Amino acid sequence: MIISIPVDEKSLESEVCISFGRAPYFLFYNLDTKESLFVDNSAANSQGGAGIKAAQIIADNKADVLLTPRCGQNAADVFKAADIKIYKSISASVQDNIHDFIDGKLSLLDEIHPGFHGHGGA
Amino acid sequence: MRIAVLSGKGGTGKTLVSVNLAAAAKKSIYIDCDVEEPNGYLFFKPEDVQEEISVKIPKVDNELCNGCRRCVDFCKFNALSYIKDKLIVFEEICHSCGGCIILCPERALIERDKVIGKIQRGISYGVKVNTGILNTGEASGIPIIKNLLMENQFQGDQVTFVDCPPGSACIVMESIKDVDYCILVAEPTLFGVHNLNMVYDLVKLFNKPFGVVLNKCLEGENPAEKFCLEKNIKILCKIPFNNELGLLNSNAEIVVRKSKKYSDIFTGLLEAVIREVQYEATTNS
């Protein structure tokens with residue numbers, strides 16, 4: 001199983017990035033082989049539709065689940081089509097989030113925001 | 001002659017000014033480009049004919065699509081994604097450029113019409129009233145504005161008044177780009193000055209001749225007037241803050257058709273604007 005997470009830095013000690021679509025990198029962590037792969041998020045600087053493009057990157061890297069603090073509607077639509085489950089991350093390191101996911105402590109993300117679409121958002 | 005009425009925020013009096021100028025001109029064209037919340041028709045109450053407006057968006061034939069993703073990589077707005085051997089089109093994100101359709105080597109994409117709103121046309125005495133209406137939830141009213149302005153462009157003998165959307169974003173730029181003159185409506189507050197400054201920057205950027213109407217004027221200090229004097233901006237007219245005007249306007253009456261006093265104010269404004277446009281035309285020719 002491959003877990004994907006938006007991250008601020010290319011490290012397992014990094015915090016989970018507060019933004020999904022505009023995160024600088026994505027971590028793909030293979031639970032079976034324990035391998036970590038950090039991928040640049042080429043969607044981060046998109047004028048619009050960053051969430052869609054970012055979700056495409058997650059799907060192309062064959063992730064089964066995504067751990068993220070939040071996710072927009074368009075990206076969620078892509079994940080639904082791709083059968084990728086979205087879990088709500090906690091404010092802790094990437095490593096801790098992976099452990100919590102394995103222990104079944106993370107819950108599915110039930111709040112999908114309608115997107116910021118050019119209005120920033122903190 | 002085309003005259004746009006704009007302001008940095010809603011509620012300053014764009015519709016009051018443009019509706020009453022159109023009515024004062026007797027034979028004129030009024031175009032409501034505030035497609036997210038058009039309200040000029042509430043005053044004119046024209047008998048309407050409607051036409052639906054649509055945009056072209058791509059439709060995929062998944063039998064023909066071979067998953068090359070050229071379209072996905074091309075789309076600058078990221079309106080396409082390719083998941084589980086299927087192309088997904090995000091209709092609200094699509095800007096109808098048609099690039100994906102041209103690029104598809106398999107001809108798997110075709111154009112499809114998507115209705116985004118409508119245009120209503122009618123007549124109120126001598127005023128031809130055109131209203132753009134964007135359907136709720138649609139992202140951009142620009143295709144409707146393009147339609148509204150295009151179909152009214154050949155009636156050069158009549159004065160056309162363009163009632164703009166509030167603000168200074170793309171949709172306002174689209175509304176003013178072909179006009180001869182811009183009227184900026186401003187409120188007498190600090191917030192009003194901030195909003196006036198936004199549209200002031202915009203009309204300067206577009207190199208349009210312009211003047212300001214100071215609305216809701218009270219006794220005492222008027223920061224918007226001070227701003228105009230400092231920047232040497234032409235003040236076309238001052239409309240007083242007045243109960244009678246407010247009441248008539250809130251009852252959706254066209255004040256120039258109801259009151260001699262306001263008929264005089266707006267006729268005076270109309271004459272001032274026409275003088276300005278003609279002056280611009282002679283000095284620039």
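Buried means under 20% relative accessible area, exposed over 50% and partly exposed in between, with a 1.4 Å probe and protein chains only. Helices (H or I, at least four residues) and strands (E, at least two) are DSSP runs numbered from the N terminus.

This is a predicted model, in which local features need pLDDT of at least 70, side-chain atom pairs count only at pLDDT 80 or more, and totals for chains, interfaces and linings use all residues. Residues are numbered from 1 along each chain as its sequence is written, chains are lettered from A and ligands numbered from 1 in the order in which they are written, and side-chain values use heavy atoms, leaving out hydrogens and water.

**View 1. Helix H1 of chain B is mostly covered.** Welcome to the first close-up. H1(B) spans residues 14-24, and eleven of its eleven residues are buried. Among them are B:Lys14, B:Ser18 and B:Asn20. After the helix comes B:Lys26, whose phi is positive, near 65 degrees.

**View 2. H1 packs against H11 in chain B.** Helix H11 covers residues 260-284, and the axes of the two helices are 9 Å apart at an angle of about 85 degrees. Axes are lines fitted to C-alpha atoms, for helices over the stretch in contact, and angles run from 0 to 180 degrees between N-to-C directions. Angles under 35 degrees count as roughly parallel, over 145 as roughly antiparallel, 65 to 115 as roughly perpendicular and the rest as oblique. H1(B) and H11(B) are therefore roughly perpendicular to each other. From H1(B), B:Leu16, B:Val17, B:Asn20, B:Leu21 and B:Ala24 make the contact (heavy atoms within 4.5 Å); their partners in H11(B) are B:Phe266, B:Thr267, B:Leu269 and B:Leu270.

**View 3. The largest nonpolar core has 80 residues.** Such a core is a set of buried Ala, Val, Leu, Ile, Met, Phe, Trp, Tyr and Cys residues joined through side-chain atoms within 4.5 Å. A:Phe79, B:Leu6, B:Ile176 and B:Leu184 have the most contacts inside it. A second, separate core of 36 residues includes B:Val17 and B:Leu236. Not counting residues up to four places away in sequence, B:Leu6 touches several residues, including B:Ile176 and B:Leu184.

**View 4. A:Cys71 sits in a loop of chain A.** Look for it between strand S4 (65-68) and helix H2 (73-81). A:Cys71 is buried, with a relative accessible area of 1%. Leaving aside neighbours within four places in sequence, its contacts include A:Phe79, A:Ile86 and A:His113. A:Gly115 is 44 residues from A:Cys71 in sequence and 8.1 Å away in space, C-alpha to C-alpha.
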